[in-house]
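Good morning, and thank you for making the time.

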Amino acid sequence: MMAALQQFWQEWQLLTSLELVAMLLALAYLLLAMRHSLWCWPAALVSTLIYTYVMWQHQLYSETLLQLYYAAMAVYGLVHWQQLQQQLKQPKAIKPVIEWGLRQHLSWISIAAGSGLVLGYYMANYTQADFAWLDAQTTTFSIMTTLLVVRKVLSNWLYWVVIDAVCIYVYFQKGLYFTTGLFVLYTFLAVIGYLAWRSHYRQQQHTSGQVLQPA
């Protein structure tokens, strides 16, 4: 009995320590992304790889798949932003912020919600996943919103406000308290990120004299 309790305590300490490291790296990613820094992507890559293990251990399987997707997107985001700098021939070039119209947003929301229902059905009926339906929706919307970050669509920050608020409930219920605290902070930082990118977007409009359209 004592050996089992000792093993449980050691495993819990390991998961908690890994969660803390992943949380700090995830926070670094967000702060660097707000500053348009390429270093946001390496920080995101390491954070997501750690979180992949943590989420699997907590039986959040949709979230586990999401973390693997995040890892791939971190690599893609780094390459994409580097290519842009090379194209502009400026070492510290900043990719222009764009914005989508209402029709594009509604299309993406429909796709994300529909995909979430499919994933939620599978997780609820064929796995032992916790919060199968809710976790599936946050997963599909996070996938969509990460693409918006890579393309630097202004409204990505507003999507994150909603996603992060829902994730706070899920992580708290699963006892992921460091991550819960991170997502509380994420929610506020997403608002700040939106205001910062909106200011940059308006400066672009003022400089160019016209609204930038999606590439």
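This is a predicted model: local features need pLDDT of at least 70, side-chain atom pairs count only at pLDDT 80 or more; totals for chains, interfaces and linings use all residues.

When I speak of a contact, I mean heavy atoms within 4.5 Å. With that in mind, residues 24 or more positions apart account for 71% of the contacts in the chain with a separation of 6 or more.

Residues are numbered from 1 along each chain as its sequence is written, and side-chain values use heavy atoms, with hydrogens and water left out.

Let me begin with the overall picture. Helices are DSSP runs of H or I with at least four residues, strands are runs of E with at least two, and both are numbered from the N terminus. On that basis the chain has seven helices and zero strands, and its pattern along the sequence reads α-α-α-α-α-α-α. I call a residue buried under 20% relative accessible area, exposed over 50%, and partly exposed in between, using a 1.4 Å probe and protein chains only. Buried residues make up 46% of the 215 residues in the chain. As for the surface, accessible areas come from the Shrake-Rupley method with a 1.4 Å probe, and for residues only the protein chains shown count as cover; the chain exposes about 11900 Å², of which carbon and sulfur atoms supply 67%.

Turning to individual elements, I will start with E19, which is found in helix α1. Is E19 buried or exposed? It counts as buried, because its relative accessibility is 3%. Leaving out residues up to four places away in sequence, E19 touches Y51 and V54, and also L176, Y177, F178 and T179.

Y51 and V54 belong to α2, where both are buried, along with others including C40, W41 and I50. The expected span of a helix is 1.5 Å times one less than its number of residues, so the 18 residues of α2 should span 26 Å, and the 26 Å between its end C-alpha atoms agrees with this. Between α1 (2-34) and α2 (40-57) there is a loop that holds S37, a residue that counts as buried because its relative accessibility is 17%. Apart from neighbours within four places in sequence, S37 is in contact with L32 and W81.

After α2 comes Q59, which has a positive phi near 60°. Q59 is also one of the residues touched by Q128, the other being Y61, when residues up to four places away in sequence are not counted. Q128 and Y61 are 67 residues apart along the chain, yet their C-alpha atoms are separated by 8.6 Å. Q128 itself lies in the loop between α4 and α5 and is exposed, with a relative accessible area of 62%. The loop between α4 (102-126) and α5 also contains F131, whose phi is positive, near 50°, although the residue is not glycine; F131 is partly exposed, at a relative accessible area of 28%.

That brings us to α5 itself. Its 20 residues (132-151) should span 28 Å, and the 29 Å between its end C-alpha atoms agrees. The helix is mostly covered, with 14 of its 20 residues buried. Just after α5, K152 takes a positive phi of about 60°, and this residue is found in the loop between α5 and α6 (156-173). With a relative accessible area of 1%, K152 is buried. A charge sits over a ring if NZ of Lys or CZ of Arg is within 6 Å of the ring centre and within 35 degrees of the ring normal, and the charged end of K152 sits over the ring of W197 in this way, 5.0 Å from its centre.

Staying with rings, those of Phe, Tyr and Trp (its six-membered ring) pair if their centres lie within 6.5 Å. The count comes to nine aromatic pairs, and Y121, Y122 and Y126 form one aromatic cluster.

Finally, the cysteines. How many disulfides does the model contain? With a disulfide taken as a pair of cysteine sulfur atoms within 2.5 Å, the count is zero. C40 is buried, with a relative accessible area of 0%, and C167 counts as buried at 5% relative accessibility.

Notes. Rings of Phe, Tyr and Trp (its six-membered ring) pair if their centres lie within 6.5 Å; planes under 30 degrees apart count as stacked, over 60 as edge-to-face and the rest as tilted.
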